[in-house]
Structures are given as C-alpha cells and as structure tokens.
Amino acid sequence: MTPHVVELTGVSQRYGDVVALADTNLVIGRGELVAIVGPSGSGKSTMLNIMGTLSRPTSGHVRVDGHAVEELSDRELSALRAGTIGFVFQQFHLTAGIPVLDSVADGLLYSGTPRAKRRRLAETALRRVGLGHRLYHEPHQLSGGEKQRVAIARAVLGDPPLLLADEPTGALDSRSGATVLELLHELNEAGTTVVVITHDRDVAGSLPREVRLKDGRIEHDSTAGRIEHDSTAARELAATASGAER
Ligand SMILES: Nc1ncnc2c1ncn2[C@@H]1O[C@H](COP(=O)(O)OP(=O)(O)OP(=O)(O)O)[C@@H](O)[C@H]1O
Ligand SMILES: [Mg+2]
C-alpha cells in the first residue's frame with residue numbers, strides 16, 4: 001500500500017490569464033488530517049478539485065492513492081473517485097421530499113449495489129454520524145448541522161480512504177460547526193485521510209497540519225516534506241510539528 005494518498009508535483013491550473021494554482025508540490029500521507037487555508041481566490045477549491053480528480057490541471061502530475069491521474073481515462077477516473085474519494089461541499093445537495101436514508105443510499109446508485117444493501121449501508125453511515133434517529137426525516141425537517149452530517153454520511157458511505165471537504169462548516173453556526181469538525185476528527189481517527197478547506201482560523205489551528213495558500217502558491221505548510229511513513233508516524237510527526245510551532 002502506498003504511503004501517500006495524494007501527491008501533487010508541479011501542478012498548475014490556468015484559466016486564460018488567471019493562474020489559479022502555480023507550480024504546486026504537496027504530499028499528503030495516509031491517515032493525515034490537513035487544513036487548507038488562505039484568502040478567497042487563493043486557489044483552495046481549485047487544489048481540492050484537482051486532488052479529487054474532479055478537474056485535470058493545466059500542467060503537472062497528480063497521483064491519488066498511488067494512481068497517476070493523467071494516465072487514466074475519464075471512465076477509470078470515475079471508478080477511482082467512486083472507490084477512493086468522498087466529497088463534502090459547503091452547500092448540502094439534498095433533494096427535497098426524499099428521506100435522508102434514501103438520499104444517502106443513492107450515493108451508491110451507480111455502484112451496482114442492490115437497493116436493500118445500499119439502504120443498510122446508508123443506515124450504518126447515518127448512525128456513524130449520529131443520525132440513527134433521523135433516518136426517515138426529510139431535508140426540511142433537519143437542522144443545518146444535521147444536513148451537513150447527512151452529506152458526510154453520504155461521502156463516507158463506501159468507506160473511502162480519502163475525504164475531501166470544501167468549507168463543510170462555512171454555512172453553520174459555531175456549535176454545529178464544532179460537531180461537524182468533531183466528526184471529521186473521529187473519521188480520521190478511524191483511519192480516513194481528511195483534507196478540509198476552512199476560513200476558520202480556530203478550526204485550522206486545531207488540526208495537526210495546516211497548508212496555507214496565497215495567490216495560487218503554498219505560502220506555508222506546517223509539516224512540509226516530513227510525512228513519509230505510516231499513519232501513526234504521520235500523526236505523531238504532525239502533532240509534534242504543530243505543537244512546536246505554537
Ligand atoms: N472556471 C474558472 N474560470 C476562470 N477563473 C477561475 C475559474 N475557477 C476559478 N477561477 C479563479 O481562480 C482563482 C482561484 O479560485 P478558487 O475557487 O480556487 O479560490 P478559493 O481559494 O477556493 O476561494 P474561496 O475561498 O472564495 O472559495 C480565483 O481567482 C478564481 O477567480
Ligand atoms: Mg473555494
């Protein structure tokens with residue numbers, strides 16, 4: 001098993017004259033919990049989408065879970081995404097009128113898993129995020145924090161090794177935000193590599209590793225180049241590094 005879940009090497013993303021990401025190198029080890037921070041427009045979402053193979057960069061190399069993304073067809077990429085990466089976005093995409101159990105189960109719609117099994121897995125995922133008592137609620141019957149937890153349940157349904165979250169607490173009050181953050185910590189402790197974009201300095205400061213972007217470049221990385229081995233070592237290293245910085 002490759003120790004690195006994400007490897008970006010010389011990755012750039014240009015949109016006409018706009019350089020959204022400039023010659024970026026970043027390695028994320030298995031079992032890490034990483035905050036991506038930086039001002040609006042600094043390239044955070046661009047970087048996360050490239051890590052998540054949702055977009056291919058203008059130049060550079062991307063490896064996800066050991067696979068060289070540029071060598072994969074769109075079809076192979078979809079399969080890699082489906083089996084390896086869970087996404088959580090700032091806006092929860094829950095369909096009105098559909099019980100959350102089905103919304104979550106639909107996350108495996110294209111995996112070929114039979115409906116009964118999808119619903120069983122969905123129930124397990126919802127229990128995992130503390131929503132076992134809300135399986136048949138519809139989106140309008142849930143609080144914002146609960147909706148975001150549904151989104152996380154859907155993202156972790158197939159137990160992907162990598163969870164990417166773009167401002168998952170951005171639309172929440174601080175208490176719901178704290179619950180969602182706690183959940184990300186728990187998933188990480190259970191072995192999931194988590195990368196989370198946040199505007200919240202307290203959130204970022206509470207995570208073992210912080211990568212700061214500015215104008216499409218990594219301006220600061222609290223554990224740059226030091227994560228090489230297994231998740232325990234990575235976590236210990238990260239904890240030491242972030243402790244030493246403060
Ligand atoms: N499809 C696109 N076409 C042109 N420019 C784009 C496109 N997508 C992003 N950009 C530009 O690239 C830069 C980086 O955008 P990105 O969405 O990565 O920023 P961000 O750090 O996520 O910001 P925010 O905190 O506001 O979400 C911005 O200047 C943005 O305007
Ligand atoms: Mg963004």
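In what order do the four strands of the open sheet stand? I read the order as E2-E1-E4-E5, with antiparallel pairing; strands are DSSP runs (E, at least two residues; helices are H or I, at least four), numbered from the N terminus, and two strands pair if DSSP finds at least two bridges between them. E2 and strand E5 (67-68) stand at the edges with a single partner strand each, so one side of each lacks a neighbour in the sheet.

I noted that this is a predicted model, in which local features need pLDDT of at least 70 and side-chain atom pairs count only at pLDDT 80 or more, while totals for chains, interfaces and linings use all residues. Residues are numbered from 1 along each chain as its sequence is written, and chains are lettered from A and ligands numbered from 1 in the order in which they are written.

I then looked up E1 (residues 4-15) and E4 (residues 59-64), which pair in the antiparallel sense over five bridges. Val-6 stands opposite Val-64 in E4.

Next I examined helix H4 (residues 115-128). I found Arg-118, Leu-121, Ala-122, Ala-125 and Leu-126 buried (20 or more other C-beta atoms within 10 Å of the residue's own; exposed means 12 or fewer; C-beta atoms are placed from the backbone). Seen down the axis of H4, the buried residues fall within an arc of 140° (directions from the helix axis to the C-beta atoms), so they line one face. The face turned away from that side carries exposed Ala-116 and Lys-117.
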